[in-house]
Amino acid sequence: MKFVDEAYIDIAAGDGGNGCVSFRHEKYKEFGGPDGGDGGRGGHVFAVADVNLNTLVDYRYARRYEAKRGEHGKGSDMFGAAGDDITLHMPVGTIISDAETGEVLFELLTPGEVVTIAKGGDGGYGNLRFKSAINRAPRQKTPGWPGERRSLKLELKVLADVGLLGMPNAGKSTFISAVSNARPKIADYPFTTLHPNLGVVRVGPEQSFVVADIPGLIEGASEGAGLGHQFLRHLQRTRLLLHVVDLAPFDDSVDPVAQAKAIVGELKKYDAELYGKPRWLVLNKLDMVPVEERAARVKDFVKRFKWKGPVFEISALTREGCEPLIRQIYQHVQAQQKLEQGVKEVDPRFADVEDAGVDLSDPRFAPRDPE
Ligand SMILES: Nc1nc2c(ncn2[C@@H]2O[C@H](COP(=O)(O)OP(=O)(O)OP(=O)(O)O)[C@@H](O)[C@H]2O)c(=O)[nH]1
Ligand SMILES: [Mg+2]
């Protein structure tokens, strides 16, 4: 399933430095002539298509990017230094358009592709440039040209990287709310979720992935029980499935192992490919199990479920265990993505360019709800 991730940013290339008026002063030499240098060019703003990024979430935190201005020219024929350029890393597939007119300016389709989204202003001329046979002592200079300023809209069609699978009430929506920007309805009755929700999970600066929360499945879904299994198709293009299990069902007669087996059975019936996808077991509602009983409960579950894959113990409600889980998911998603793309890295010239020098840990960029 797809959704459109978008962000609005303001960018400013650097202004050019001013030209300089200056005359040579040397001992015993009169009329030394003009020696004022030109100003330096302002920094450009580039965008590079980076395969390591999946979403535009970082651009919703930091919205303004400015390149440095060029230095002013100086006497003794000294030209000003150019302002440093900045490079904004964006996911492959990002469409960059003018926020005011809606005109599409660039589409970053090829990994490593670099485009200039705002040009730095040229430096002004120093008086050295104006010297001529009839004017040997020019006093003219020109100011630097302004750098381009633009308001841009960034858009990216994203696919879910990770899908949540599980019985109604397992806590899928609680989990997606705990870790992402999605705010689906949560309630203690089955089938609270009636349509899929997508959420962007931000792991760190420039590190994010997308999770899909779908309605719960029950035994017999392939024959139409509950909401049926129609929503499983939304998980088909994901890179990982999280099988969320309620380890502390309210009703004592419910066996979580039997429930988990039913889910796997439905998955198998639906599609062999989906069944064969990497799948991790996420045992939820651990906060409901007394601490001293947890290890035994988890061990018993894994044994009876005959599970050999990765197991995570969490509480979506208290968020306990969620952090390590999302870090591992991110690593898995990255590794899968690299495999799919045949490990194409970013153009090495831009690999270590600082992301516009913006410190995302600065409290001014503290997360705020994007919607
Ligand atoms: N104690 C506790 N309760 C939880 C936890 N996670 C979810 N719940 C509760 O379980 C109930 C169901 O949670 P949901 O997140 O709506 O479950 P769901 O899997 O999305 O359910 P459907 O949308 O019906 O498929 C809610 O009352 C949640 O508050 C948890 O880790 N601990
Ligand atoms: Mg739900």
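Trainee: Let's start with Asp161. Where does Asp161 lie?

Mentor: Keep in mind that this is a predicted model. To place a residue, look for the elements on either side of it. Asp161 sits in the loop between strand 8 (149-159) and strand 9 (162-166).

Trainee: Is Asp161 buried or exposed?

Mentor: For that you read the relative accessible area, and buried means under 20%. Asp161 has 4%, so it counts as buried.

Trainee: What does the side chain of Asp161 contact?

Mentor: Look for pairs of polar atoms. The side chains of Asp161 and Arg239 are joined by a polar contact of 2.6 Å. A polar atom of the Asp161 side chain also lies 2.8 Å from the backbone nitrogen of Val210.

Trainee: On to the ligand. Which residues come nearest to ligand 1?

Mentor: Start with the residues around it, then pick out the nearest. There are 24 residues around ligand 1, and Lys172, Thr174, Phe191, Thr193 and Asp287 come nearest.

Trainee: How do the residues of that shell divide into nonpolar, polar and charged?

Mentor: The shell around ligand 1 has 11 nonpolar residues, nine polar ones and four charged ones.

Trainee: Which helix gives the most to the shell around ligand 1?

Mentor: Here you check which element each shell residue belongs to. Helix 2, residues 172-179, gives the most, with three residues.

Trainee: Which polar atoms lie by the oxygen atoms of ligand 1?

Mentor: From a side chain, a polar atom of Ser173 lies 2.8 Å from an oxygen atom of ligand 1. From the backbone, a polar atom of Ala316 is 2.9 Å from an oxygen atom of the ligand. Ala170 also takes part through its backbone, with an N or O atom 3.2 Å from a ligand oxygen.

Trainee: Phe191 came up among the nearest residues. What is the phi of Phe191?

Mentor: Phi of Phe191 is near 60°, a positive value in a residue other than glycine. Phe191 is found in the loop between helix 2 and strand 10 (197-204). With a relative accessible area of 24%, Phe191 is partly exposed.

Trainee: And where does Lys285 lie?

Mentor: Lys285 is in the loop between strand 13 (279-284) and helix 5 (291-305). Its phi is near 65°, again a positive value in a residue other than glycine. Lys285 has 24% relative accessibility and counts as partly exposed.

Trainee: Let's look at the loop between strand 6 and strand 7. Is Gly112 buried or exposed there?

Mentor: Gly112 has its place in that loop. The cut-off for buried is under 20%, so Gly112, at 15%, is buried.

Trainee: How is Thr110 placed, and what is its relative accessible area?

Mentor: Thr110 is in the loop between strand 6 (104-107) and strand 7 (114-118). Its relative accessible area is 45%, and that makes Thr110 partly exposed.

Trainee: How many residues apart in sequence are Gly112 and Val51?

Mentor: Compare the separation along the chain with the distance in space. Gly112 and Val51 are 61 residues apart in sequence, while their C-alpha atoms are 7.7 Å apart. For Thr110 and Val92, the separation is 18 residues, and the C-alpha distance is 6.6 Å.

Trainee: Last one: where is Arg129 found?

Mentor: Arg129 is in the loop between strand 7 and strand 8. With 46% relative accessibility, Arg129 counts as partly exposed. Between Arg129 and Gln140 there are 8.8 Å from C-alpha to C-alpha, and the two are 11 residues apart in sequence.

Technical notes. Residues numbered from 1 in each chain as written. Chains lettered and ligands numbered in written order. Predicted model: local features only at pLDDT ≥ 70, side-chain atom pairs only at ≥ 80, totals over all residues. Heavy atoms only, no water. Near = heavy atom within 4 Å. Polar contact = N/O pair within 3.5 Å; in protein donor to acceptor, adjacent residues only side chain to side chain. Helix = DSSP H or I, 4+ residues; strand = E, 2+ residues; numbered from the N terminus. Nonpolar A, V, L, I, M, F, W, Y, C, P; charged D, E, K, R; others polar. Buried < 20%, exposed > 50% of the residue type's maximum accessible area, 1.4 Å probe, protein only.
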